[in-house]
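Morning, everyone. Let me put the structure up, and then we'll walk through it.

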Amino acid sequence: MLIPFDDSVSVSTKIKRGEERSRLKQLIQSIKPKNFGVIVRTVAEGKRAAELDAELKVLLKRWEDTITKVQKTTDRPKLCFEEESRAVALLRDLFNPTYDAINVNDAQIFDEIRNYLEIIAPEKKEIVKLYKGTVPIFDNFNVTKQLKSGFGKTVNYKHGAYLIIEHTEAMHVVDVNSGTRIKKENDQEANALETNLGAADELARQLRLRDMGGIIIVDFIDMKLPEDRQMLYERMCKNMQKDRAKHNILPLSKFGLMQITRQRVRPAMSVNVEEVCPTCFGKGTIKSSFLFTDTLENKIDNLVNKIGIKKFYLHVHPYVAAYINKGVFSMKLQWQMKYGLGVRVIPSQKLAFLQYEFYDENKQFIDMQEEIETK
């Protein structure tokens, strides 16, 4: 934090190690601008001089821009400063030199991120790219699939093993299963160790990804050898070193349970990957799938001939899109000949089998569901 009209340097009390506090204080004293005070936040712990210097440049630039706006204001109210956007705030905490591409599908956020990188890492500003494709950006970069596989109750990892993650009011419970993993003959202990080590790697990632806080109980596969149990404990501790949240890990109990406590850094991440049937809405009966394309054509006819929207995107499940696009004289081609070339069919992984969404040429959602469909 930059404090104008001051000259002191303070370090967050949450940074406990004396040598780190002294290092940060001396470093900031040597790079801070004159007549400015600085409060070093907890996240600065372990950061290099170049990273801290870049952050100071950003704050100083923001202060200078604010003062310029203040000087130009008249008697009318005018916004001179506002908190940085969520995208820039995330980039501030997570950006590192290994980034080779940042894809954005919003022009305003694209400008914000590019301007931010121009200050902290000018050589990296060209990695920011504005995505203009018709396929949803999450589908294009395979994020949708990763979200659904990463936030579900069952999380698969290498060699067919998987984790079962349950959330309760009091704690989070994780069960480790070997699944269909290829097992070494006559070596049950080696199988258990290999599965557990893989689970420790994936669990550390899941804790950060979901920001699971509080008490986490992990039921690993039983191991008899003390050295294997110790190896698993050390592997878990090593994996958790990169976690910014405060945490504590206890060795395996005699029942094979590991207890972990973890501080929550951000609001709890909850992504529901289960889908409510969009066609029956839980009733258990749906219209015939053979009539689905007739329904879509009726919607298109209403859009073009009654509402007057000539150019639009129809998002459907990839299987349905493949059916509409198949053949030389495809259904899509027939629609375009009948209703115009503004009809564009886009496969979307987020949609269920008989679900559909319409968007105009500005990619704004058009609600074409009838009342009977939403009851």
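Let's start with the largest nonpolar core, which has 28 residues. Leu-163, Leu-203, Val-218, Phe-220, Met-236, Met-258 and Ile-260 touch the most other members. By nonpolar core I mean a set of buried Ala, Val, Leu, Ile, Met, Phe, Trp, Tyr and Cys residues joined through side-chain atoms within 4.5 Å. Buried is under 20% relative accessible area, exposed is over 50%, and partly exposed is in between, with a 1.4 Å probe and protein chains only.

A word on the source. This is a predicted model: local features need pLDDT of at least 70, side-chain atom pairs count only at pLDDT 80 or more, and totals for chains, interfaces and linings use all residues. Residues are numbered from 1 along each chain as its sequence is written, and side-chain values use heavy atoms, with hydrogens and water left out.

Now take Met-236. Leaving aside neighbours within four places in sequence, Met-236 is in contact, meaning heavy atoms within 4.5 Å, with Ala-200, Leu-203, Ala-204, Ile-249, Met-258 and Ile-260.

Next, a sheet. Three strands form an open, mixed sheet in the order β1-β3-β2. Strands pair if DSSP finds at least two bridges between them. At the edges are β1 (2–4) and β2 (9–11), each pairing on one side only. β2 pairs with β3 (residues 36–40) in the parallel sense, over three bridges. One detail there: Ser-10 has Ile-39 of β3 as its bridge partner.

Helix α1 (residues 18–31) lies across β2 and β3. Glu-20 sits in α1. Is Glu-20 buried or exposed? Buried, because its relative accessible area is 6%. Glu-20 touches Ile-15, Ala-44, Glu-45 and Gly-46, not counting residues up to four places away in sequence.

Last, cysteines. How many disulfides does the structure hold? Zero, where a disulfide is a pair of cysteine sulfur atoms within 2.5 Å. Cys-80 is buried, at 17% relative accessible area. Cys-237 is partly exposed, at 25%.

Conventions
Helix = DSSP H or I, 4+ residues; strand = E, 2+ residues; numbered from the N terminus. Axes fitted to C-alpha atoms, helices over the stretch in contact; angles between N-to-C directions.
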